[in-house]
Amino acid sequence: MTQISPPVDNSFGFVPDEAIVETQMPVDDFASAKQKRLLTDSLYTSLRGQPFLVEANVGILHTHGQPLVVPDLILSLDVNTNWWQQRHSPYFLWQFGKSPDLVLELVSDRQGDEFGGKLATYERLRVSYYVVFDPDKLISEATLTVF
């Protein structure tokens with residue numbers, strides 16, 4: 001069971017940036033969760049009729065023995081549509097035969113390393129498009145950055 005640390009005591013109540021799970025990783029807020037649902041739902045609606053996979057918070061396992069990388073959203077075009085039968089599995093590169101075509105990170109805090117380790121990992125995996133959406137300009141002067 002995941003435990004959440006108690007809220008910071010202040011006159012306004014709970015501070016969203018202070019919700020930390022046992023692993024010390026921030027959890028999604030309502031805005032991030034809604035953005036991911038809107039993106040996945042709209043892509044499933046608009047890309048009907050072609051084989052693809054789009055999902056939020058699904059791990060990518062790229063090398064045996066290496067840790068998963070978990071982007072906020074992945075889109076992979078022209079992939080086998082039998083992924084439903086691969087329950088409880090991450091996105092295994094060797095099973096899908098390719099890296100995702102697009103990886104999106106939604107910036108919700110300054111600790112995500114979107115322009116450091118994540119950028120290097122997605123570049124090494126040869127992801128076609130890496131998109132960083134930073135609506136509050138927490139880590140960049142740009143709201144949207146595309147690599």
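In what order do the elements of the chain run from the N terminus on? Taken from that end, they run α-β-β-β-β-α-β-α-β-β, and in total the chain has three helices and seven strands. Before I go further, please keep in mind that what we are looking at is a predicted model.

Let me begin with the chain as a whole. Of its 147 residues, 33% are buried, and its accessible surface comes to about 9,700 Å², with 55% of that area belonging to carbon and sulfur atoms. If we take the contacts in the chain that have a separation of 6 or more, residues 24 or more positions apart account for 51% of them.

Now to the sheet. Five strands form an open sheet, in the order β1-β3-β5-β6-β7, and the pairing within it is mixed. At the edges stand β1, which covers residues 52-56, and β7, which covers 144-146, and each of these pairs on one side only. Neighbouring strands of this sheet are turned against each other by 10° on average, with direction ignored.

Helix α1, made of residues 30-46, lies across β1, β3, β5 and β6, and it runs at about 170° to β1.

Which residues make the nonpolar surface patch of about 320 Å²? They are Tyr129, Leu144 and Val146. Tyrosine 129 lies in strand β6 and counts as partly exposed because its relative accessibility is 48%, whereas leucine 144, at 53%, is over the 50% cut-off and therefore counts as exposed.

Let me turn to the loops, and to two residues with a particular backbone angle. In general, most residues other than glycine have a negative phi. Arginine 126, in the loop between α3 and β6, has a positive phi near 60°, and with a relative accessibility of 71% this arginine counts as exposed. Lysine 137, found in the loop between β6 and β7, likewise is not a glycine and has a positive phi of about 50°; its relative accessible area is 44%, so lysine 137 is partly exposed.

Finally, where does aspartate 113 lie? This residue is in the loop between β5 and α3, the helix of residues 117-124, and its relative accessibility of 44% is why it counts as partly exposed. Not counting residues up to four places away in sequence, aspartate 113 touches Lys118 and Leu119. The C-alpha atoms of aspartate 113 and isoleucine 139 are separated by 9.2 Å, while along the chain these two residues are 26 residues apart.

Methods:
Residues are numbered from 1 along each chain as its sequence is written. This is a predicted model: local features need pLDDT of at least 70, side-chain atom pairs count only at pLDDT 80 or more; totals for chains, interfaces and linings use all residues. Side-chain values use heavy atoms; hydrogens and water are left out. Two strands pair if DSSP finds at least two bridges between them. Helices (H or I, at least four residues) and strands (E, at least two) are DSSP runs, numbered from the N terminus. Axes are lines fitted to C-alpha atoms, for helices over the stretch in contact, and angles run from 0 to 180 degrees between N-to-C directions. Contact means heavy atoms within 4.5 Å. Patches are made of residues with over 30% relative accessible area and no salt bridge: like charges are joined within 9 Å, nonpolar side chains (Val, Leu, Ile, Met, Phe, Trp, Tyr) within 5 Å. Accessible areas come from the Shrake-Rupley method with a 1.4 Å probe; for residues, only the protein chains shown count as cover. A salt bridge is a side-chain nitrogen of Lys or Arg within 4 Å of a carboxyl oxygen of Asp or Glu. Buried means under 20% relative accessible area, exposed over 50%, partly exposed in between (1.4 Å probe, protein chains only).
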